[in-house]
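The model is shown first, and my entries come after it.

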Amino acid sequence: MAFESEDGLYAIVVRAFEKYKELYKNNPANNPFQDGKLTHSQWTLDNGQVVYFVGEEHGIRQSVDYIHNEIVPKIKQDPKTWLILREKRAGVKVQSPMGNPPLFYSQELAKFFKIPYIEALTDLYAPDTRAYIQAKAGINGEDIDRIYLTMVTQEFATREEIINLSLFAQKASKVLKKPVEHALNLILMGPVEDSEQKFRDLVITPWNEYSRERFHRILKQYPNKSNILVCTGSLHLSAFQ
């Protein structure tokens, strides 16, 4: 899909958000692309590169609006000096704005301005990331899966899927990148109490530490990129400082 301008891209993505709102007008809580909280900040690293951090609740329109209104005018001044890091990019192409409006926007924004577009974080389910988290937090892989599954249930599963154990297990297996049987066993064990706090303390903190090492390796690969746009969940801010 080609665009004549960034404004044209933005307009198409906005329409996708509006279509989702219409589709879920009778059950807005299940809309995966709702309005939500956004944080943003800017700082200069020791090497002089400037980081523009956009921290979001996943799937929200506000991140797209902010980038369009505040970051794109800066990109237009000199696109070749920019680098875009996006959480959940993972090398997977989003085929249309309805597939995932915010990811489609950042993907096509990078393509339009010919900016390198890179996954912002290490893969939570890569063996090296898992080993680092488990060593730092003193927990095993099953603990990580249970905490993560409890934490993201409302993000990826509708009420109907949660009630239907088979559908829930199939969806969970895709999120966890594990067999359905493994996901079903975790579901039957029940949710983890205080999962959000445990996720922050036991998973996010070491995950950010490990991702920070990767971030600085990426910066060394792109020494001529003086402006770095980072868009991730708000909890990952420390991975880029």
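Entry on the source. I am working from a predicted model, in which local features need pLDDT of at least 70 and side-chain atom pairs count only at pLDDT 80 or more, while totals for chains, interfaces and linings use all residues. I number residues from 1 along each chain as its sequence is written, and side-chain values use heavy atoms, with hydrogens and water left out.

Entry on helix 1 and helix 2. I looked up helix 1 (residues 6-23) and helix 2 (residues 61-77), whose axes lie 11 Å apart at an angle of about 165°; helices here are DSSP runs of H or I with at least four residues, numbered from the N terminus, and axes are lines fitted to C-alpha atoms over the stretch in contact, with angles from 0 to 180 degrees between N-to-C directions. Helix 1 and helix 2 are therefore roughly antiparallel, a term for angles over 145 degrees. On the helix 1 side I found E6, D7, Y10, V13, V14, F17 and E18, and on the helix 2 side R61, V64, D65, H68 and V72, where contact means heavy atoms within 4.5 Å.

Entry on helix 2 and helix 3. I noted that the axes of helix 2 and helix 3 (residues 101-113) come within 11 Å and cross at roughly 10°, so the two are roughly parallel, which applies under 35 degrees. From helix 2, S63, V64, I67, H68, V72, I75 and K76 meet P102, Y105, L109 and F113 of helix 3.

Entry on helix 4 and helix 9. I found helix 4 (residues 127-137) packed on helix 9 at about 125°, with the axes 9 Å apart. Helix 4 brings D128, T129, Y132, I133, K136 and A137 to the contact, and helix 9 brings L202, V203, P206, W207, E209, Y210 and E213.

Entry on helix 9. I recorded a bend of about 35° at I204, with the proline P206 following within four residues; the bend is the angle between axes fitted to the seven residues ending there and the seven starting there.

Technical notes
Angles under 35 degrees count as roughly parallel, over 145 as roughly antiparallel, 65 to 115 as roughly perpendicular and the rest as oblique.
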